[in-house]
Amino acid sequence: MDELTFDGVPFPTAPVQPLPDGAVVNGDGHVPDGHVPLPVPASVPVPAAVPVPPPGPVPDATPPFSPALRIAAQIQRAHAAVLDAHEAITAWQLARAEAAGTARSRETAVPTAAVAPPAAAVPVPVLRPRTPPAGPVTPAEPMDAPQAPTEAQTEAQTEASAEPSGRTEAPPGEAAGEAPAPPPPPTGTPETRPTPPDPVADEASKALRTLAAALHTTEAPTDTGTTAHTSSDTGTDTGTGTHTGTHTDTDIQDNVTHPQDNVTAITLTWRRPAPQHPTEQRVTATDGGWQVVDGAGPLAEAVRADGRARSWPPRPALPHPPDPRPLARARVDRLAGAELDALAEGRFGEVFGAGFDQGGGPPDALPARWPARLLDGLTVTGARDGAHAQGRLLATTRLPEEPVPEEPGTANDSAPAPAATAATRTTAWAHMVAAALEALRVHAFRQGLHLCVPGARAVPSAGRPVRIETLAPAVRPGTGLRLELHVSGTGMLPLPYATADCEVTAGGRPVARLWDLGVTLQPGPGVTLLGQGAASSRTAASGRRVALDEFQIAFMAEGDHGSVRLPGLPRVTARVRPRLPRGDLRMADRMTGRPAAGGYRPGARGTWEYDVPEDPWFVRENNGTMPQLALMETALQPAGGFSGALGVSGEYPDTSLSCRNLTGRIRLLADVALRSATVEQRITLRAHSPLPDGIMHRYDVSLHTGGVEFCTAEAVHGYLTPRLLEGQQGLDGDAPRHPWLDDHPRDPAGTRRLRLADDARLGTGRLALLDEVCLVPGGGVHGAGYALCEKPVRPDDWFFEQHFPYDPVLPGSVSVQMLYQAVHAFALHTGLLDHLREPHLPEPRMSVAVGEDLRWNYRGQILREHHRIRGEVHIRRVERTGDRLLVCADGSVWRDGTRIYEVDNIAADFHAAHPDSGGSPGAPVPGRAQGGGTR
C-alpha cells in the first residue's frame with residue numbers, strides 16, 4: 001500500500017530512492033539495492049494545512065540473495081503502512097468534522113461554501129462550487145516521531161501554502177502565455193457584499209448526474225486503462241471482476257491514462273429547456289439509453305454512440321467565418337472566481353463594462369441569477385481565435401472528491417485508494433459537460449446576448465444532439481481539469497444562442513471531447529419578445545430605450561413573418577417579404593427611434609444604429625480601406641428597415657413582396673475612422689408613391705459617428721410584387737447597348753488582357769470580384785482609358801445566402817464595387833500609380849473619394865439562374881496632387897447581355913502607403929486633407 005488518499009489529501013510513504021532509468025523488477029522479485037519496488041509519485045501535492053503523519057521507519061534494503069528476508073521486510077513495511085493509514089483516517093475524519101462545522105457557521109457570509117454531500121447509492125460526482133478552506137485543520141498526533149520530508153514533499157507543501165484550497169493549479173502551457181493570470185477582482189469582497197438569496201437550482205446539472213448514474217449502472221464492468229491499486233505484475237484485479245493488462249509504475253503515477261483508439265461515446269439530447277425551479281426527476285429506459293423525466297415530461301436523453309473518436313481540433317465549417325458581432329464590448333477577457341461570482345449575482349456592468357449595465361431597467365428585465373459556479377477561472381484568448389475563427393475559451397475546474405470507504409482494508413485485501421473507480425470513469429463526463437456549459441454561458445453573456453432578452457436565463461440548447469467522447473475516462477476525483485472551447489457559432493434565432501466544441505485535458509492529456517454543445521437564452525416568465533405586447537429592454541448607445549433591438553431585427557431579416565402578428569399589421573402568409581440582409585452583410589443593428597404616429601407620412605423620421613466590428617471583413621478584404629459597398633449598404637439598409645417598421649411588412653400579405661433599390665446617390669463628406677465605432681443612421685421619408693402592384697418610397701439618409709456627419713445619401717426603394725419585378729427588363733428597352741470594346745472587331749492598340757482573380761491588391765475573399773479584365777489605355781468614350789471586366793455567376797456565391805433570405809439576389813452594391821475594382825486595375829497596370837510607389841512600402845491603396853457624388857440607376861436583377869456579369873468603366877478624369885491620384889469614371893453592368901445598371905462618377909482616390917494611424921472612432925484620419933479611405 002504505497003498511497004492512500006482521502007478527499008484529495010495524499011498520505012505518502014517514507015521517502016525512497018527512485019529506480020534508476022531503465023531498471024525493472026525481475027521475475028523473481030529482485031530489486032536493485034537501496035530501492036523499493038514502487039516509489040511514491042512526487043507530483044502529488046501535499047496541502048500545508050493538513051500535516052502528514054509520518055510513516056514508520058523503513059528498514060535497510062535486503063540483500064538480493066535473501067528472498068525470505070526481503071519478503072519479511074515487505075510485510076513489515078505493509079504493516080507499518082496500515083497503522084499509518086488508520087492514523088490518517090482518524091485525522092481525516094476529525095478534519096472533515098471541523099471543516100463541516102465551520103462551513104455551516106459561515107453559510108450566510110460566503111454563499112459559495114459547501115461541504116461534500118454523503119455518498120449516494122450510485123457514486124455520482126456531485127457538482128458543487130469551489131470553497132476556500134474553513135480554517136486550519138490539525139490531525140491527531142502521529143505515533144512515531146516525524147521524519148524529514150523529501151524535497152518533492154517540501155515543494156508541494158510550499159505550493160499548497162501559497163494557493164487557497166479548491167483553486168485549480170494553472171494548466172500546462174499557461175505559464176507560456178496561453179492563459180494569463182486573471183486580473184484583480186472587482187471592487188469589494190464577498191464578505192462585504194449583501195447576503196444573496198438561497199442558491200439557484202441547477203436542474204440541468206442534476207439531470208446530467210442522473211443520466212450518468214443510469215448509464216453507469218448498465219455499463220459492463222470493464223476497465224480500459226487504470227489499475228485500482230498498485231501492482232507490478234502483469235495482471236491486476238480492479239475490484240470489478242475484470243483482469244486488466246500490464247501497467248507500469250509510470251501509468252500508476254499519472255492522473256489519467258493514455259487516450260484509446262476506441263472511445264466511450266454518448267449522444268446527449270435535451271428535449272426541452274431545463275426548468276428554472278427544482279423538480280422531481282426520475283430516469284426511464286429508452287432504446288439504447290436512458291432519459292430523465294420530470295413533471296412536464298422528458299427533459300434529456302442519453303444513448304450510446306459509436307466509439308470512433310473524431311479528429312481534433314475541429315475543422316472549420318464555413319469558408320468565410322462571420323465577424324464577431326457582440327451587442328456590447330467587454331473590457332476584460334480574464335475572469336477569476338471573484339468575477340464569476342459577481343456575474344452570478346447579476347453585476348454584469350461591474351465586470352464587463354458600462355455597456356452591460358441594466359441597472360435602470362425593471363427588475364423582471366434583469367437576467368436570472370446563475371447557479372453556483374463550477375469554474376475556477378476563464379480566459380478569452382481572442383475574438384477570431386479557435387478552429388472556427390469564432391473565439392476560443394480556456395477554463396479550469398476540478399472534479400469533485402468522491403466519498404472514501406469507511407474501512408481502508410488490510411494489507412491482505414488490497415483495498416483501492418480513491419483513484420479512478422468505475423463510477424468515476426462513467427460519470428465524470430457529467431461534471432465536464434456542466435462546466436463546459438457554464439463556460440459557454442459566460443461567453444454568451446460576454447457577447448451581450450442577454451441585453452435583448454428580458455429575464456434571460458441560459459439553458460442547454462434543446463433538440464441539439466451533443467456528442468460526448470470519453471478518451472481517457474480514468475480520472476482521479478479531485479483532479480484539476482482544463483477546458484478548451486472552440487466557439488462554433490453565435491446567433492439570434494430562434495432565440496439567442498452560442499455553440500462550441502470542447503476538449504477537456506488533465507495533466508496535459510485529453511480525457512474527453514464534447515461536440516456541438518449549445519446554450520440558449522430563454523426569456524423570463526411571461527415575457528414576449530415579438531408581436532403584440534413585445535417591449536425591448538435594450539438601450540441604445542445614447543442610453544435611450546430602443547424601438548427594435550437586435551433580436552427583433554434578426555427576426556425581420558430571416559424569421560417567419562407569418563408566425564407572429566406585428567402590432568397594427570395583418571398576419572402575412574407569403575414567405576417572400578421585404579427584409580434586411582442577414583449575416584455579415586447586415587449593417588443595421590437596431591432601430592432607436594420611430595415616429596409616434598403610424599402610416600407613410602412624408603417627413604417621418606427614424607434613427608438606427610450600426611456597430612462597426614473591430615476588424616470588419618469588408619475592410620480586411622479590401623486592402624485595409626472602407627469599400628463603397630459598405631458605405632452604400634450602411635445607408636440603404638436602414639431605409640428599407642424603416643419602411644418595414646412603418647407598415648410595408650404587412651402590405652400584400654398573401655403575395656410575395658420584394659424590396660429592390662431602384663436609384664440613388666451617395667457622398668462621403670469626411671474621412672473618419674470607423675473601426676469599433678457606432679454609426680447613427682438617420683432616415684427621413686420624403687415621398688410615398690402607391691402603385692397598382694407595389695409601393696415606392698424615397699428617402700434622405702445621413703450617417704454620423706462621434707458627433708460627425710460623414711456621409712449623406714438619397715435613395716428610392718421599390719416594394720414590388722412578382723408582376724412588377726417581371727417588368728424590369730433592363731435600361732435600354734428595344735435598343736440594346738453593348739460594351740464599348742464589343743464594337744471593335746480588333747483590339748485597339750495597347751490592349752492588355754489579364755486574369756486578376758488572385759490579385760490581392762484589388763480584393764480578397766468575398767471581395768475578389770474580378771476574374772478576366774481587358775485594359776485599353778486611351779480607350780473609352782472619353783479617350784482617357786477603358787476597362788472591361790467579367791465574372792461568372794455561381795449559385796453558391798456568398799451574397800445569395802445573405803441577400804435576402806427566401807429572396808436571393810445579387811446586391812447592386814457588389815456590382816458597383818466590381819466597377820471600382822476595374823478602375824483600380826486600370827490604374828495599377830497602366831502606370832498611373834508609378835509616381836506614388838516607394839521602395840519597401842506596400843502598393844498605393846484605393847479609397848472612396850471624399851466630396852464626390854456617386855449616382856446609380858438599377859433596372860434589373862441578377863439571380864442564381866443567370867450566367868455571366870460584365871462591367872465596363874470609361875475613365876473620364878485623372879487628377880494628380882502631391883501624393884494623391886484621383887480617377888473618375890462612368891460605368892455600366894450587363895447581365896447575360898442585358899444592360900441593367902448604370903453608374904456615374906466612380907471616384908477612386910489613390911494615395912501612397914503610410915503607417916495606419918489607428919485613430920479614435922469618428923475622428924478624422926490625419927495625413928489626407930480630402931480623404932483617402934474611410935477606415
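Where in the structure is the place of Tyr652? Tyr652 sits in the loop between H10 and strand E19 (658-668); helices (H or I, at least four residues) and strands (E, at least two) are DSSP runs, numbered from the N terminus. This is a predicted model, in which local features need pLDDT of at least 70 and side-chain atom pairs count only at pLDDT 80 or more, while totals for chains, interfaces and linings use all residues. Residues are numbered from 1 along each chain as its sequence is written, and side-chain values use heavy atoms, with hydrogens and water left out.

- Tyr652 is not a glycine, yet its phi is positive, at about 45°.
- Tyr652 is partly exposed, with a relative accessible area of 26%; buried means under 20% relative accessible area, exposed over 50%, and partly exposed in between (1.4 Å probe, protein chains only).
- Asp896 is not a glycine either, and has a positive phi of about 50°.
- You can find Asp896 in the loop between strand E29 (884-895) and strand E30 (898-911), and this residue is partly exposed, with a relative accessible area of 37%.

**Helix H8**

- Eight of the nine residues of helix H8 (residues 550-558) are buried, so the helix is largely enclosed by the rest of the structure.
- Among the buried residues are Phe551, Ile553, Phe555 and Met556.
- The buried residues of H8 pack against strand E17 (590-593), strand E18 (605-611) and helix H10 (628-646), where contact means heavy atoms within 4.5 Å.

**Strand E13**

- Five of the five residues of strand E13 (residues 466-470) are buried, so this strand is largely enclosed by the rest of the structure.
- Val466, Ile468 and Thr470 point one way, while Arg467 and Glu469 point the other way.
- In a regular strand the side chains alternate between the two faces of the sheet.
- Strand E5 (residues 264-270) runs antiparallel to E13 and is joined to it by five bridges; two strands pair if DSSP finds at least two bridges between them.
- Thr267 has Arg467 of E13 as its bridge partner.
- E13 also pairs with strand E16 (residues 509-522) in the antiparallel sense, over four bridges, and here Glu469 stands opposite Arg513.

**Cis peptide bonds**

- The peptide bond from Leu493 to Pro494 is cis, with omega near 5°, and Pro494 is in the loop between strand E14 (480-491) and strand E15 (497-506).
- The bond from His803 to Phe804 is cis too, with omega near 0°, and Phe804 lies in the loop between helix H12 (798-802) and helix H13 (812-829).
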